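Thanks, everyone. Let me put the structure up, and then we will walk through it residue by residue.

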Amino acid sequence: MRNVLVTGGSRGIGLAIAKRLAGAGFNVIAAARRESEELTAAKREADGRLHFRACDLAVIDAIPAFAKLLRDEFGPIYGLVNNAGLGTEGLLATMHNSEIEALVQLNVLSPIVLSKYVVRQMMADGEGRIINISSIIASTGYNGLSVYGATKAFVRSFTEALW
């Protein structure tokens with residue numbers, strides 16, 4: 001059974017992806033800061049194919065150890081879905097620098113670093129897939145979401161560069 005890591009897997013799009021993959025027979029590890037009630041319920045329905053492991057992906061220095069922990073516990077990671085993200089609204093002129101930094105840290109640095117450590121394993125195993133979740137705002141823009149849009153445009157460009 002192939003292992004797939006889904007970040008932001010405790011709710012929303014990430015949870016929907018995790019449930020769909022588990023239903024298709026993959027062994028799914030949903031990563032998020034904390035387990036949601038919805039994820040707990042989905043785990044009960046997934047016949048042991050859906051797991052949760054806590055990780056705050058905004059803590060970049062914790063990512064290498066997290067990737068190793070997953071490999072040690074579950075074996076090779078075949079798939080990575082970089083879905084975790086932050087969508088803070090705000091006009092650029094009035095956004096606090098810490099809000100900009102948080103957006104860039106989670107939406108840009110986290111997928112790069114996590115991909116780095118997971119792709120190493122994939123290359124050694126000779127197979128694997130990475131899917132990065134972006135947003136339509138990356139190409140259309142939206143008033144009050146310039147920083148978010150920029151981070152999601154990065155995700156799109158990063159994906160193309162990985163091919």
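Start with S36, in the loop between β2 (27-32) and α2 (37-45). This is a predicted model, so take every value as computed. Buried or exposed, for S36? Buried: the relative accessible area of S36 is 14%, and the cut-off for buried is under 20%. What does the side chain of S36 reach? The backbone nitrogen of L39, at 3.0 Å.

Now to β2 itself. A31 is in that strand. A31 counts as buried, at 1% relative accessibility. Look at what surrounds A31. Leave out the neighbours within four places in sequence, and A31 is in contact with L5, V6, T7, G8, G9, R53 and F66. Take G8 from that list. A31 and G8 are 23 residues apart in sequence, yet their C-alpha atoms are 5.9 Å apart in space.

The side chain of R53 meets that of E73 in a salt bridge, 2.3 Å from N to O. Where do the two partners sit? R53 is in strand β3 (residues 50-54), and E73 is in helix α3. They are 20 residues apart, and the pair links distant parts of the chain. R53 is partly exposed, at 22% relative accessibility. E73 is partly exposed too, at 41%.

How many salt bridges does the model have? The count comes to five. In general, side chains of opposite charge can pair when their charged atoms come close. I will show two others.

One is K43 with E35. Their side chains meet at 2.9 Å, N to O. K43 has a relative accessible area of 27%, which means partly exposed. E35 is at 30%, so partly exposed as well.

The other is R2 with E127. The closest N and O atoms are 2.9 Å apart. This pair links distant parts of the chain, 125 residues apart. R2 is in the segment before β1 (3-7), and E127 is in the loop between α4 and β5 (129-132). R2 counts as partly exposed, at 38% relative accessibility. E127 counts as partly exposed, at 37%.

A quick stop in another loop, between α2 and β3. D47 is found there. Check the backbone: phi of D47 is near 50°, a positive value in a residue other than glycine. D47 counts as exposed, at 63% relative accessibility.

Next, helix packing. Two packed helices are described by the angle between their axes and the distance between the axes. Here the helices are α3 (residues 63-74) and α4 (residues 97-125). The angle is about 35°, and the axes are 9 Å apart. The crossing of α3 past α4 is right-handed. Which residues make the contact? From α3, they are I63, P64, A67 and R71. From α4, they are S110, V113, L114, Y117, Q121 and D125. By type, the residues of this contact divide into six nonpolar, two polar and two charged.

Stay in α4 for N107. N107 is a buried asparagine, with a relative accessible area of 1%. What does its side chain do in there? The side chain of N107 reaches the backbone nitrogen of L86 at 2.8 Å. A polar contact of 3.1 Å also joins the side chains of N107 and T151. Set aside residues up to four places away in sequence, and N107 touches G85, L86, Y148, T151, K152, F154 and V155.

V147 lies in helix α6 (residues 146-162). V147 is buried, with a relative accessible area of 11%. Which residues does V147 touch, not counting those up to four places away in sequence? L92, M95, I100 and L103. Pick M95. V147 and M95 are 52 residues apart in sequence and 9.3 Å apart in space, C-alpha to C-alpha.

Definitions and conventions. Residues are numbered from 1 along each chain as its sequence is written. This is a predicted model: local features need pLDDT of at least 70, side-chain atom pairs count only at pLDDT 80 or more; totals for chains, interfaces and linings use all residues. Side-chain values use heavy atoms; hydrogens and water are left out. Axes are lines fitted to C-alpha atoms, for helices over the stretch in contact, and angles run from 0 to 180 degrees between N-to-C directions. Helices (H or I, at least four residues) and strands (E, at least two) are DSSP runs, numbered from the N terminus. A crossing is left-handed if the near helix is turned anticlockwise from the far one by less than a right angle, and right-handed if clockwise. Contact means heavy atoms within 4.5 Å. Ala, Val, Leu, Ile, Met, Phe, Trp, Tyr, Cys and Pro count as nonpolar, Asp, Glu, Lys and Arg as charged, and the others, Gly among them, as polar. Buried means under 20% relative accessible area, exposed over 50%, partly exposed in between (1.4 Å probe, protein chains only). A polar contact is a pair of N or O atoms within 3.5 Å; within protein, one must be able to donate a hydrogen and the other to accept it, and residues adjacent in sequence count only if both atoms are side-chain atoms. A salt bridge is a side-chain nitrogen of Lys or Arg within 4 Å of a carboxyl oxygen of Asp or Glu.
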